[in-house]
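Here is a short report on one helix and on the charged pairs of a protein. Please keep the sequence and the 3D view open while reading.

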Amino acid sequence: MTTATPPSAPRDALGLLKDREKVAERLLKSSARHSFDPDTELDWDAPYEPDKWFWPPELVSLYDTPMWRRMPEEQRVLLSRHEFAALLSLGIWLEVILIQLLTRHIYDKPSTSAHVRYALTEIADECRHSKMFARLIAKGGTPAYPPARPHHNLGRFFKTVSTTPGSFTATLLGEEILDWMQRLTFPDERIQPLVRGATRIHVVEEARHVRYAREELRRQMVSAPRWTAELTRIGSGEFARVFARAFVNPQVYSDVGLDRRAAVEQVRASAHRREVMRTGAKPLTDFLDDIGVLRGAGRRLWQSSGLLAAPGRGHRPAVAGGER
């Protein structure tokens, strides 16, 4: 005998939606088993090894460009150090936004629910991550690379007016591409041990955050009014454009002795770089496409960001291990 699914059970193109409280309870149990304190888990006193990278060279923005081929190895490694600092700075900015969006999301929800308790657990995770990122920047001896003032102000505007599904879409955008890159980083023996340890912690804990955001975004898109869904599509597309532009701060090129304008032009012209970004975004864009976020004007904005290939263009992974 089988148990029939109630006709009122919510579903989307991916199937039945899971019970919000059950998802949160599982994530709370996972958090209890697999949470880390970077201050005690990592060896902050160990010096950096002089010849090791801070980021896989294939993920450095200038990789395989004419400028890259002319650069000595020492300068390439230095660029990886500065780009890593820029990504950490981007991560802090995004996580501060995420903390505010999560706090707003739970403001009207029952404080004793597992859903709210997990959101508070995630906020605690993000606070530890941001402190870890700041400490890594300081140890690396590079400047911090905050987002450009227009992007900073757009972030302020977005976190104020974003719809709830728009907030979770932006959360996933900020988490999933960096998560894909970090999954290539922490097993890579070419990388500094401290960087590998930090990215391992981040990957383990971010897996829960992605699950929480994906499940909630599915639920929100099923129940959202038409105007909210359309605003979410357009808002997420615009946020994708901002994210793609802010991903590497151009100041890093000047700081390692490169011609900034020429470097930016070569990155924009790099087929390898386009494929890296699209490969990193593909698990997310496939998911967003399935649940109805990538439609109409919003889809065109995603395509103009460079994170989603235009129709008729093939897609091939640029880095081994690109699929999760």
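## Helix 6

This is a predicted model. Helix 6 spans residues 149–161, 13 residues in total. From first C-alpha to last it reaches 19 Å, close to the 18 Å expected.

Four of its residues, His151, Gly155, Phe158 and Lys159, are buried. They lie on the same side of helix 6, because they cover an arc of only 90 degrees around the axis. Arg149, Pro150, Phe157 and Thr160 are exposed on the other side. The cover over the buried residues includes helix 4 (73–106), helix 7 (164–185) and helix 9 (226–246).

Side chains of opposite charge can pair when their charged atoms come close. The whole structure holds 22 salt bridges.

Glu216 pairs with Arg219, with the closest N and O atoms 2.7 Å apart. These two sit three residues apart in helix 8, so about one helical turn separates them. Both ends are buried: Glu216 has 1% relative accessibility, and Arg219 has 17%.

Glu215 and Arg211 also form a salt bridge, at 3.2 Å from N to O. They are four residues apart in helix 8 (residues 193–223), again about one helical turn. Glu215 is buried at 8%, whereas Arg211 is partly exposed at 29%.

Asp64 and Arg69 meet in a salt bridge of 3.2 Å, N to O. Asp64 is partly exposed, with 44% relative accessible area. Arg69 is exposed, at 51%.

Methods. Residues are numbered from 1 along each chain as its sequence is written. This is a predicted model: local features need pLDDT of at least 70, side-chain atom pairs count only at pLDDT 80 or more; totals for chains, interfaces and linings use all residues. Side-chain values use heavy atoms; hydrogens and water are left out. The expected span of a helix is 1.5 Å times one less than its number of residues. Buried means under 20% relative accessible area, exposed over 50%, partly exposed in between (1.4 Å probe, protein chains only). The arc is that of the directions from the helix axis to the C-beta atoms. Contact means heavy atoms within 4.5 Å. A salt bridge is a side-chain nitrogen of Lys or Arg within 4 Å of a carboxyl oxygen of Asp or Glu.
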